Amino acid sequence: MSLRHQLSNGLTVLSTNASHAGQLEELQELVFPNLSEAERFRAAHYCKHIELFPEGQFVVVDGDRVVGMTTTLLLPFDPSHPDHTFEEVIEGGWLTSHDPAAKWMYGADVGTHPEYRRRGIARSLYAARHDTVRRLGLRGQVTVGMLNGYGAVADRMTIDQYFEEVRAGERVDPTISAQLRVGFELGPLVKNYLSDPTCGNAGAMIVLPAEKDVPFE
Ligand SMILES: CC(C)(COP(=O)(O)OP(=O)(O)OC[C@H]1O[C@@H](n2cnc3c(N)ncnc32)[C@H](O)[C@@H]1OP(=O)(O)O)[C@@H](O)C(=O)NCCC(=O)NCCS
C-alpha cells in the first residue's frame, strides 16, 4: 500500500517510487556532504530499496521537487547491544541485511533539503515510518542519530563530553535534539559508527517505541 499524505504547508509525504531515484541521489550529496562515497546511496540503490521494502521508503515533495527523504529496513535489532556500524547495516548501500521477519524498523537515514529545514519535514517522515511500524506490528523504530554539532566544538571537547552535555540537556545538537523532539528516547553513544568528521564518526542510539504516538504535524 503506498502512502500519500498532504501536509498543511502544501508539501506532500509520499512512498518513494523509482521516478524519485535521480533526485534522491542529488539530495544525498547535499544533505550528507561529508560521508564517504561507500556510505552514500545512489539512484540504483534507491531502486533496490523500493524492491526490498517499499513500505519503509518515503519522500516529501514540493510539487515535483524532492525536498525530504528517508530510507529504512527491518532488522532483528537488540537495543541492549548497541555496537555496530553503518556499513554493516547498509551493505554497500543495497540494504541486503533487510530481514522481512524482523521486528524493528531501522532508520538508515533521514534528510531535509537545507532550504526546507524547520518546516516539519523530518517529523512527517518519522510519522510515515511510524505508520508502517504499526501496520506491520513492529516493536518500533531504532537508529543511530549523528551527533552533527560536534564538529564545531571538536577542538574543545571529546565526543564523550559532547554526548554527555546533549544527554543532560545542556547542549542542543542539530540532529539529535530534533529527533528527541519527535519522541525518540536517547540510548548510548555508538563510537566509530560511520566516517564523518562532522559528528566525530559517532552517533547516539535512539529508539521510538511503537506505543508512542507520532503525529504527522
Ligand atoms: C535533522 C534534520 C533531518 C531535521 O529536519 P527538519 O525537516 O528540519 O526537522 P523538522 O522541521 O521536522 O523538526 C522536527 C523537530 O525538531 C526540531 N528541530 C529541527 N531542527 C533543529 C535544530 N537544528 N535544533 C534544534 N531543534 C531542531 C524542530 O523544532 C521540531 O520540533 P518541534 O516540532 O517540537 O518544534 C535536518 O536538519 C537534516 O537533514 N540534517 C542533516 C542530515 C542529518 O543529520 N540527518 C539525520 C542523520 S541521523
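Biologist: By class, how many nonpolar, polar and charged residues does the shell around the ligand have?

Modeller: This is a predicted model. In it, the shell around the ligand has 9 nonpolar, 7 polar and 6 charged residues.

Biologist: Which residues come nearest to the ligand?

Modeller: Of the 22 residues around the ligand, those are Arg 117, Ile 121, Ala 122, Pro 174 and Ala 178. The elements giving two or more residues to the shell are β5 (104–112), α4 (121–135), β6 (140–146) and α6 (176–182).

Biologist: New topic, the core. Which residues have the most contacts inside the largest nonpolar core?

Modeller: Val 60, Tyr 106, Leu 125, Leu 147, Val 190 and Ala 204 do, in a core of 55 residues. Helix α4 gives the most to this core, with 7 residues.

Biologist: Take Val 60. What is Val 60 in contact with, leaving aside its neighbours within four places in sequence?

Modeller: Its contacts are Leu 11, Thr 12, Val 13, Val 67, Gly 68, Ile 121, Ser 124 and Leu 125.

Biologist: Now the strands. Do β1 and β2 run parallel or antiparallel, and how many bridges join them?

Modeller: They run antiparallel, and 3 bridges join β1 (residues 4–6) to β2 (residues 12–15). One of the pairings is His 5 with Val 13 in β2. The two strands form a hairpin with 5 residues between them, and Gly 10 in the turn has a positive phi of about 95°.

Biologist: What about β2 and β3, how many bridges there?

Modeller: There are 4 bridges between β2 and β3 (residues 58–62), again in the antiparallel sense. Leu 14 has Val 59 in β3 as its bridge partner.

Biologist: On to helix α1. Which residues are buried there?

Modeller: In α1 (residues 21–31), the buried ones are Ala 21, Leu 24, Leu 27 and Gln 28.

Biologist: Why are they on the same side of α1?

Modeller: Because they cover an arc of only 110° around the axis. An α-helix has 3.6 residues a turn, so residues three or four places apart point the same way. On the other side of α1, Glu 26, Glu 29 and Leu 30 are exposed.

Biologist: What do the buried residues of α1 pack against?

Modeller: They pack against α2 (43–52), β4 (65–75) and β5.

Biologist: Where does Ala 43 lie, and which residues is Ala 43 in contact with, beyond its neighbours within four places in sequence?

Modeller: Ala 43 lies in helix α2. Its contacts are Ala 21, Gly 22, Leu 24 and Glu 25. The C-alpha atoms of Ala 43 and Glu 25 are separated by 5.3 Å, though the two are 18 residues apart along the chain.

Biologist: Why does Ala 43 count as partly exposed?

Modeller: Because 15 other C-beta atoms lie within 10 Å; a buried residue has 20 or more, an exposed one 12 or fewer.

Conventions
Residues are numbered from 1 along each chain as its sequence is written. This is a predicted model: local features need pLDDT of at least 70, side-chain atom pairs count only at pLDDT 80 or more; totals for chains, interfaces and linings use all residues. A residue is near a molecule or strand if its C-beta atom, placed from the backbone, lies within 6 Å of it. Ala, Val, Leu, Ile, Met, Phe, Trp, Tyr, Cys and Pro count as nonpolar, Asp, Glu, Lys and Arg as charged, and the others, Gly among them, as polar. Two strands pair if DSSP finds at least two bridges between them. A nonpolar core is a set of buried Ala, Val, Leu, Ile, Met, Phe, Trp, Tyr and Cys residues joined through C-beta atoms within 7 Å. Two residues are in contact if their C-beta atoms, placed from the backbone, lie within 7 Å. The arc is that of the directions from the helix axis to the C-beta atoms.
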